[in-house]
Amino acid sequence: MSKQDLTPFEQRLLKSVGLLTNLTIVLFVVVVLLLIYIATMTENTYWGAVPDKDQTSASVVKVKDPNGFWEAPSVYGIKEEREKKLVEYGKDIIANTAKYFGPKGSVKPMATNGMNCQNCHLNAGTKTFGNNYSAVASTYPKYRARSGAIENIYKRVNDCFERSLNGLPLDTTSKEMQAVVAYIKFLGKDVKKGEKPKGVGFKDLALLDRACSPENGSKLYEEKCASCHQKNGEGQWNPNQDAFQYPPLWGNNSYNDGAGLYRITNFAKYIKSNMPLGASHDNPILTDEEAWDIAAFVNSQPRPKKDISKDWPKIAEKPMDHPFGPFADAFSESQHKYGPWQAMKKTK
Ligand code: HEC
Ligand code: HEC
């Protein structure tokens, strides 16, 4: 029977069937491709998951970072309910410090400048080279030259409250301090005593062979930072005025001159791997020179002062870029603050 023998109706039917068949094939291919795509996207987190009724999806077995960088353990892995609550509270205090201690803080209002710990310890202290907490549990208590004493984790946490948050220290026995320390210890639980995992703190940055330039930094700041941190450097509050949407880099609500970020090396390293927002150690946005010059500019702007007369009791232990004398060598205060530092390193 040839096509001509069919009635026009049958011919149209045949055509429709052909069309439908083609459509089905195309749909099938699309679905298969989609499935393959989903499978590869979720491979790292869901492949090889151990089915367990108690577990939520976030606690499935994770494949280790292929580059060996430290990865934070998941809070969902904590079995004991009270411990889990405490660690989660600690994490929230790190991420949303202002909610508890900021201008309208629920625990103690006005106890800080309104910043969050997370502003500088990114992703609640878990980001690779984002000033993470991976080595705190493994290295404290330890001797610190700034205080000239052995410091425990409580002391170190309060250091950042009093300097970076320009605020009041927490009572060691308070629930909030217990929670913060529980969280920091939890993060470092798999790191061996005395060891520092890959990706801890800041990534090293080669020194310039000239002094860092606040003048260059000023122009760069306007281009690359002012859109969020504002031209006046004072950041931007959220609409409720109870926390910062963009934290300040100088002015009354910024870190004080006794803070770690006030040292230009720390600032330059922090922004090289983390700023403008979206940058990372393997995908930096600033050149080395830009990072150094912006650091010099920001740390030349006005900020709160701290009485640091008791810091660095042994002046020979001051870091080369500590901005305040007296020094154990003959280099000027300005060269200590802005560099060049090469010659200083050779003398030590
Ligand atoms: C303005 C930035 C900034 C803020 C905000 C900040 N910190 Fe820090 N913090 C630093 C810097 C910089 C260092 C490293 C200093 C150094 O090594 O000289 C540091 C170090 C630490 C360390 C020691 C880390 C280690 O591996 O030795 C702890 C613990 C810590 N901060 C806790 C906190 C807590 C808790 C808060 C909130 C109350 C906080 N920080 C807020 C900048 C900040
Ligand atoms: C797109 C907005 C954006 C831009 C652009 C940006 N930042 Fe930030 N910056 C942020 C946010 C948001 C945070 C807080 C991050 C957090 O809490 O997770 C932050 C945090 C910081 C901090 C630590 C907290 C503080 O206030 O001291 C520094 C230092 C900083 N930025 C410097 C810079 C510099 C320098 C530039 C320009 C090279 C820059 N940022 C560009 C949004 C931005």
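## Overall fold

Among contacts in the protein chain that link residues at least 6 apart in sequence, 60% join residues at least 24 apart. The model is a predicted one, and its protein chain carries 13 helices and four strands. The radius of gyration of the protein chain is 27 Å, whereas a compact globule of 348 residues would have a value near 20 Å. Taken along the principal axes, the C-alpha atoms of the protein chain fill a box of roughly 105 × 50 × 45 Å, and 32% of the 348 residues count as buried.

## Domains and their contact

The protein chain is divided into domain 1 (3-46), domain 2 (78-187) and domain 3 (214-347). The centres of domain 2 and domain 3, taken over C-alpha atoms, are separated by 21 Å, and 21 residues of domain 2 are in contact with 24 residues of domain 3. On the side of domain 2 that touches domain 3, the residues divide into seven nonpolar, ten polar and four charged.

## The shell around ligand 1

Ligand 1 is surrounded by 24 residues, of which the closest are C117, C120, C160, S164 and G260. The elements that give two or more residues to this shell are α6 (153-162) and α7 (175-187), and α6 gives the most, with four residues. By class, the shell around ligand 1 divides into 15 nonpolar, eight polar and one charged residue. Because domain 2 (78-187) and domain 3 (214-347) both give residues to the shell around ligand 1, this ligand lies between them.

## The shell around ligand 2

Around ligand 2 there are 23 residues, and the closest are C225, C228, P247, M275 and P276. Both α9 (226-229) and α10 (264-274) supply at least two residues of this shell, with the largest share, three residues, coming from α9. The shell around ligand 2 is made up of 17 nonpolar, five polar and one charged residue, and at least three of its residues are drawn from each of domain 2 (78-187) and domain 3 (214-347).

Two of the residues listed as closest to ligand 2, M275 and P276, are joined by a cis peptide bond with omega of about -10°. P276 is found in the loop between α10 and α11 (288-298).

## Backbone details in loops

A cis peptide bond also occurs from Y140 to P141, with omega near -5°; P141 is located in the loop between α5 (136-139) and β1 (142-144).

Positive phi values in residues other than glycine are found at N131, where phi is near 65°, and at Q241, where phi is about 60°. N131 lies in the loop between α4 (122-125) and α5, and it counts as buried because it has 22 C-beta neighbours inside 10 Å, the cut-off for burial being 20 or more. Q241 has its place in the loop between β3 (236-237) and β4 (244-246); with 11 other C-beta atoms within 10 Å, Q241 is exposed.

## L205 and its surroundings

L205 lies in the loop between α7 and α8 (214-224), and with 18 C-beta neighbours inside 10 Å it counts as partly exposed. Leaving aside neighbours within four places in sequence, L205 is in contact with A268, K269, K272, D288 and A291. The C-alpha atoms of L205 and K310, which stand 105 residues apart along the chain, are separated by 29 Å.

Note on methods
Residues numbered from 1 in each chain as written. Chains lettered and ligands numbered in written order. Predicted model: local features only at pLDDT ≥ 70, side-chain atom pairs only at ≥ 80, totals over all residues. Near = placed C-beta within 6 Å. Nonpolar A, V, L, I, M, F, W, Y, C, P; charged D, E, K, R; others polar. Domains from an automatic or database assignment. Rg over C-alpha atoms; globule rule 2.2 N^0.38 Å. Buried ≥ 20, exposed ≤ 12 C-beta atoms within 10 Å, placed from the backbone. Contact = placed C-beta atoms within 7 Å.
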